[in-house]
Every structure is written in C-alpha cells, then in structure tokens.
Amino acid sequence: MATPKIDDFLHWPDAHGRFGAYGGSYVAETLMAPLAELTEAYLRLREDPEFVAELDHDLKHYVGRPSPIYHAERLSQHVGGAQILLKREDLNHTGAHKINNTVGQALVAKRMGKRRIIAETGAGQHGVASATVAARLGLECVVYMGAVDIERQKINVYRMKLLGAEVVPVTSGSKTLKDALNEAMRDWVTNVADTFYIIGTVAGPHPYPLMVRDFNTIVGREAREQMLEGYGRLPDAITACVGGGSNAIGIFHAFLNDRAVRLVGAEAAGEGIATGHHAASLAAGRPGVLHGNRTYVLCDDDGQITETHSVSAGLDYPGVGPEHAFLKDAGRAEYVGVTDEEALEAFHLLARTEGILAALESSHAVAQAIKLAREYPKDKLVLCNLSGRGDKDVHTIAAREGISL
Amino acid sequence: MNRIDRRFTTLKATGRTGLIPFVTAGDPSPGHAVALMRALVASGADVIELGVPFSDPMADGPVIQHASERAIAKGVGLGDVLGWVAEFRRSDADTPVVLMGYLNPIEIHGYARFAEEAVAAGVDGVLLVDCPLEESAVLAPLREAGLKQILLAAPTTAPARMAKLCESAEGFLYYVSFAGITGAARLSTADIAARVADIRARAKAPVAVGFGVRDAASAKAIAGFADAVVIGSALVERLAGATEEGDIADRVQGFLRPIREALDAR
C-alpha cells in the first residue's frame, strides 16, 4: 500500500474518503447510513453560497477572526536564530482553534435538523467549543470525557457545565480521549435519528477528516495571505502540534503545494519515545485501523491500542488524522517528537519573553519552532500555530512544579 | 462444502432454527476457553461466534467491553484464540467457528498470515465489525483461503445498500435487530419480522438475527422468521466471574438449554 508520488496535495481525499492508503470508513454497519447522510449533506453545503456566507459571518463576528500573526521578537532574540511568528488561534472565542470546526459543524447540524449535539473531548477545549455552539443554537449537548481527563482539566469541565452541557465521565479503557471517542460513537449509533456527532479532530470515518479539516483550513488560508501581505513572502517553515492533528492540518493545508515551505508537526514525545510513555503515533507508531479510519496507531503486536502519555491531555491520543499519515508517507510533512519537559520549557519561555500563556498542546509547537529557529539564520521565518491559550493548564503546571493553588 | 453452509443446510433440512452463541475468547477464564466452546456445543450451539478481544470495541456495549478488557488483562491475543480453535477442532470437526471482532488485530497480525493460520486452525469465517463491504478489499487473502466474510445488515441500511449486502452475503448474513450497541434491550418483533422476511427472500445466504436477544422468549419470537438467532451479551454476562470448568459448563447449560428447547418447540 505504498503512497504514489503526489503532485497536488489539495484535492484529497478521494470519493471514498481515502488519502492514499489511509482514511476510509471502518465503522459498524449501523453507522454507514448516517455517515452517508452526513457526507451527502456536507458535500452539498460546502458548495452552498448561503452556508458559506453564514459560516464566514460567524467566524468573523462570533469567533473573532481573522486571528493575527504576531512577531515574537523577544522570543526570537532570546533564541538567537530565525524569526518566530505566532498565528494567534489562542485569541479566538473560547481560546483555541477548536471553535473554527464546531461553529462549522453546528451549522451543518442545524441544516440537517438535528436537535442534539454530542462530542468527545480530551483537554476539554473541543468540549467547551461544542458546548458553546450548542448553547448559541439552543441545542442539547452531551460531552464524553475520560475520567482521567476530567480530573486534570477541571476548569474546562466546569466551563462546559456553565454552558449548559452535560459532561459524561468515561471509565472504560484508559479513561482518556480514545475511550471518550468510543463512547461518543456508541451514543451516536444508538441515537442517530436526532443526534449530530461533532468530532473534534481530523480523525474518525469519512467525511470527518475532510469536514474537520475544511473548517480549520481558515487558519492556513489567513496565514498565507497575512504572510504575503505583512512579510512579502511565505514562511520558511511552519510548526504545529499534532494529537489528532486538526490545528496542524488547518495551518498546513493552504501551504501543501508550496513545496519550499517546510511543514513540521510536533507530536507528544511525553517522557521520551524510548521510554514508551508518549503519544507519538506518526513518529513511533505503525499503520492500523482505529476509530473508523486507517492511519498510524500506537498498538502492541496483538493489535491492542496502547495507552499513551502526554502532559497535555489534548495530545494524549494513540491515533492521528489519516491525512497526516498520508503527508508523512508522501514526505510532504515531517513529524517529530517533543517531550513534556521541552514543552514546559517553551511554555515558560514564551510566557516570560512575550507575555503569552500558551496551551500545553501548543507549547509543543512552540518548542519545535524554537528548535527550528536555532537551526536557521536570522533572516528566516518560522511560523508557529499557537493553537490555544494556556489558562486551562495553569493547575496542571502548578501541580507539576509542586505548587498548590 | 464449507462447514457453515453444511450446518445451515442440515438446519433447513430438519426444519430447525440455528442457535449461535457469542462468547469473548478468554473470558471468563483463558484456561477453560476450549472447554467453554465444547459446553456451547453440548448445550445446542449450531455455530460458535468467538470474540477476539480488542482494546477499543466501538460497537459493543459495556458487557462485551468489560469481557474484552478482562481477557486482554489476562494477556489474551489473536494467537491464543487461533490456538483454542485448533484445539477445539481436535474433538469437533463439524461445528462452524466464526471469529468476531475488529480489524486492527488482524491488520497488525498480517492478512495473509492470519488467513493461513486461521484456516489451519479450523476457523470458518470472520465477522469484522468495523470492516464494511466497502472496505473489505483488504480481506482478499482471507477469501482466497476460503474464510467466509460474514456481513452485517442493520435497520438503518439503505435499500440500495441492502441489495448489495444480500448479493454479497456468504456463510450467513447477520441482521442487527436495531440501531445501537451490543447488549441493549430493545426489540420490536413485528418490525424485525417484516425486515427479515424481505432480506431472507433476497439474500444469497441464511439470515441470523441478533443484538438484543436475551432469553428463551425473545429468541423464540425471532425464531419464527429467522434462520438463526445470535445471542451474546446476555450469555457473556451470565458467564462473568466463573472460574471452574464445571461452573462454566453449568452456567452455559442453564442459559442455553431453555433457549434451545424454545427454538426446537416451535
């Protein structure tokens, strides 16, 4: 199943939702009809000028787009290499890129006449973003969240409740994001008639990897324009963190055919890939089938999905979006591991040099941007997707440093 | 003729409804996995559905999820399951065995290698929950080796797709009696009856009905219009926690016998 040489990266997946050998619809028979219905609705809506106008309006007036590109001068000086630019997705309403997707999917749900929204969440950012759009549209919202994640993301859990969502703890398996996804899928299988499942990342069965990517490509489209306008050229490299990979594909996509732009995804190397305590599916995993698609997964020789580790709940996932698997095999994007320690160091450095608290997830991308900046001369530009803000992680960071708040 | 086809031919000739119990391989006790299979046959099983434990059983309810977790915690993997089938075959050359589970364990094992080992062990078919017809090209080595791909059909299956499933059905077609996960307790018999009658008229293989069958009464209701009844979660629940061979056999008998009798008394 080798991926052929690719000339055009912008027109994937194919009609079956496949990105080369990856993607597809590996789901139970009961989901085939709802997925077909969703695919049909979404493919129609993405070409519907009225829908597109409504989405653009919401992104501008509700989300607060466009998000700026900020030149992190003091950070760049401190690093002493290339200039580091930050795409400020942390400034979006609800504090992360996740809202780009939930605003879009909620509009699809509304057009399809669904009255109930379900979602899975890891760090809680997607759960908050789902609860937010559900509240705004007056839809019932149920968010599945691993019991372990509920413990480490209490603030987001409470935010979801304030927004009127029901947060259901998932106690099966590793009690994290992957199990929350299983549970949300089971809810959907059981309640397909009135329920819309807002998947938070570019994984899952077709059309989710396509749809979630589309709603996030606004990040890269804006960034590409902003770079040309503000800097007169494209960046030399782009970094983004990769768990499921929605913010990364969001910023990468508009640049996929600009071969001179180096694309680097930062996966969670946790305590180090050699320790086995990590979540680096692309860097250390193998092709397999999980959550409705073929992609790189972390599993043992029996095919059992292994438990992952990352200081950041949002990256703590044993699979990855199939388009990233495709880009890796095609050699168009690189995927590297960033450890907990490196991410935390980047978090502190960014806070002290620029006055920005980045999410722990995004801190992986910042750490990778710093590494690249060190390799490059001062006139090079490294664009980092600052996908979310770090307020939600303050407790986690304090606890790690032995401080009780 | 394949063991599954032979079994359904016999059932039809004798006017009986097939009984297809599902158990998760290695639960409740890996040491008694083969004894459990024999007990199923002794209590009237016509086909055995053996669940291959998987860490992320997306389409299963809590009962089978937990059985899977218990088996995995005891180290049960695909290799063990194939070993148990091989051992079972030494004393039972006739009862068809279908492995039910998810794609990843087989993908990681390797399709060609799995096909060869499964046939050598005496497996007759596979039911891969997350491998719909559209994605089943990867199963070519299994088909070439003679393993039947048992397909699922559901109440939500659209008419055009149903026609395709009926056309492609082999071994038996497994009709999931409602939209939901395994083990849920909802069943509208009249609804299912109408759907199954239609499918049976068109499918190129016998039709088994499952999902939500819990006891003799619900099994009997379905027996009136299906070629076979699949019964899973309720049995797995009954077996949970048993550790002695005798206890396992007793529980199987206590559970399956009334169902077998109800099916035969029709």
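**Reading the chain A and chain B contacts**

Modeller: Chain A puts 37 residues in contact with 40 residues of chain B, where contact means heavy atoms within 4.5 Å. This is a predicted model, where local features need pLDDT of at least 70, side-chain atom pairs count only at pLDDT 80 or more, and totals for chains, interfaces and linings use all residues. As for labels, residues are numbered from 1 along each chain as its sequence is written, chains are lettered from A and ligands numbered from 1 in the order written, and side-chain values use heavy atoms, leaving out hydrogens and water.

Biologist: What area is buried between chain A and chain B?

Modeller: About 2900 Å², with carbon and sulfur atoms giving 52% of that. Buried area is the accessible area (1.4 Å probe) that two parts lose on being put together, summed over both. On the chain A side, A:Glu29, A:Arg186 and A:Gln304 lose the most, together 23% of what that side buries.

Biologist: What makes A:Arg294 and B:Glu107 a salt bridge?

Modeller: The rule wants a side-chain nitrogen of Lys or Arg within 4 Å of a carboxyl oxygen of Asp or Glu. Here N to O is 2.4 Å, so the pair qualifies.

Biologist: Why is α4(A) called oblique to α5(A)?

Modeller: The axes of α4 (residues 98-111) and α5 (residues 125-137) of chain A come within 9 Å and cross at roughly 40°. That makes the pair oblique: under 35 degrees counts as roughly parallel, over 145 as roughly antiparallel, 65 to 115 as roughly perpendicular, and the rest as oblique. Axes are lines fitted to C-alpha atoms, for helices over the stretch in contact, with angles running from 0 to 180 degrees between N-to-C directions.

Biologist: What bond joins A:Arg65 and A:Pro66?

Modeller: A cis peptide bond, with omega about 0°. A:Pro66 is in the loop between α2 (49-63) and β3 (69-71) of chain A. Chain B has a cis bond from B:Asp27 to B:Pro28, omega near 5°. Most peptide bonds are trans.

Terms used:
Helix = DSSP H or I, 4+ residues; strand = E, 2+ residues; numbered from the N terminus.
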